[in-house]
Amino acid sequence: MPSLEVITLSVNSVSTLEPVSRCQQLSELYLRRNRIASLAELSHLKGLPRLRVLWLAENPCCGADPHLYRMTVLRNLPNLQKLDNQAVTEEELSRALLEGEEVTAPSREGTGNGRPELSYALSAVHTTAETQGDPLTYGEEEASSVQGQLSLKPPARDQRAAVSSRKHRNNVLTAILLLLRDLDTEELEVVHQTVVGRLQALHRQELQEDME
């Protein structure tokens with residue numbers, strides 16, 4: 001998917017950024033709380049000319065020195081405008097040239113086809129949160145419950161198509177619920193207004209169908 005502009009994979013099991021290097025249109029990349037072990041993975045992002053927003057916090061690669069981590073990221077990705085939800089300043093970019101470390105491409109064993117695999121799970125059933133006491137995993141039952149509240153119904157197709165559609169909606173809903181945890185009050189209000197508008201549109205559609 002080389003035309004992707006925004007990728008959100010926070011709270012998954014991503015361990016390498018190599019596949020992302022082929023997304024030449026990418027402008028925003030959200031990878032908070034994953035399994036990226038080394039800042040050498042940043043080498044895979046150097047060839048992305050449009051990348052402006054990166055959220056990499058809460059990965060093992062961040063290490064024990066937040067300042068060195070930030071300076072190293074900015075030295076290697078000087079076109080970033082926001083890192084870990086904090087705006088990048090001109091002063092930081094200047095300091096990064098002196099205080100950051102240059103990274104080189106990581107040496108990695110092949111996976112059989114010469115390319116490392118991007119190991120992440122987006123499924124509501126298979127995603128496992130790697131955090132302590134943080135209930136981020138939503139099961140099929142919870143997703144179905146919220147779907148009911150949003151009046152989301154599977155299309156009237158054969159049984160196999162309906163099951164596939166329901167699983168897809170569960171995955172989408174789970175991703176949305178996880179992302180809501182990162183939003184502040186103002187952003188949640190925008191989401192609320194959008195949901196209300198969507199519900200009203202669905203109700204009007206149902207009324208029109210009943211009348212017909």
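Let me begin with a pair of charged residues: Arg22 and Glu18 form a salt bridge, and their closest N and O atoms are 3.0 Å apart. By salt bridge I mean a side-chain nitrogen of Lys or Arg within 4 Å of a carboxyl oxygen of Asp or Glu. Side chains of opposite charge can pair when their charged atoms come close.

Before I go on, please keep in mind that this is a predicted model, in which local features need pLDDT of at least 70 and side-chain atom pairs count only at pLDDT 80 or more, while totals for chains, interfaces and linings use all residues. Residues are numbered from 1 along each chain as its sequence is written, and side-chain values use heavy atoms, with hydrogens and water left out.

Back to that pair. Arg22 counts as partly exposed because its relative accessibility is 37%, whereas Glu18, at 14%, counts as buried; the cut-offs are under 20% relative accessible area for buried, over 50% for exposed, and partly exposed in between, with a 1.4 Å probe and protein chains only.

How many salt bridges does the structure hold? There are seven, and I will take two further examples. Glu58 forms a salt bridge with Arg32, with 3.3 Å between the closest N and O atoms. Glu58 lies in the loop between S3 and helix H1 (66-76), and Arg32 in the loop between S2 and S3, so this pair ties together parts that are 26 residues apart in sequence. Helices here are DSSP runs of H or I with at least four residues, strands are runs of E with at least two, and both are numbered from the N terminus. Glu58 is partly exposed, at 45% relative accessibility, while Arg32 is buried, with a relative accessible area of 6%.

The other example is Arg95 with Glu99, where the closest N and O atoms are 3.4 Å apart. Both residues lie in helix H2 (residues 90-99), four residues apart, which is about one turn of the helix. Arg95 is partly exposed at 35% relative accessibility, and Glu99 is partly exposed at 34%. Salt bridges that share partners also join Arg32, Arg33 and Glu58 into one network.

Glu41 sits in the loop between strand S2 (28-30) and strand S3 (53-55), and it counts as buried because its relative accessibility is 4%. What does the side chain of Glu41 join in a polar contact? The partner is the side chain of Thr16, at 3.1 Å; a polar contact is a pair of N or O atoms within 3.5 Å, where within protein one must be able to donate a hydrogen and the other to accept it, and residues adjacent in sequence count only if both atoms are side-chain atoms.

Leaving aside neighbours within four places in sequence, Leu29 is in contact (heavy atoms within 4.5 Å) with residues including Ile7, Val20 and Trp55.

Finally, the cysteines: the structure holds zero disulfides, a disulfide being a pair of cysteine sulfur atoms within 2.5 Å. The sulfur of Cys61 has its closest cysteine sulfur in Cys62, 4.5 Å away, which is too far for a bond. Cys61 is buried at 8% relative accessibility, and Cys62 is buried at 12%.
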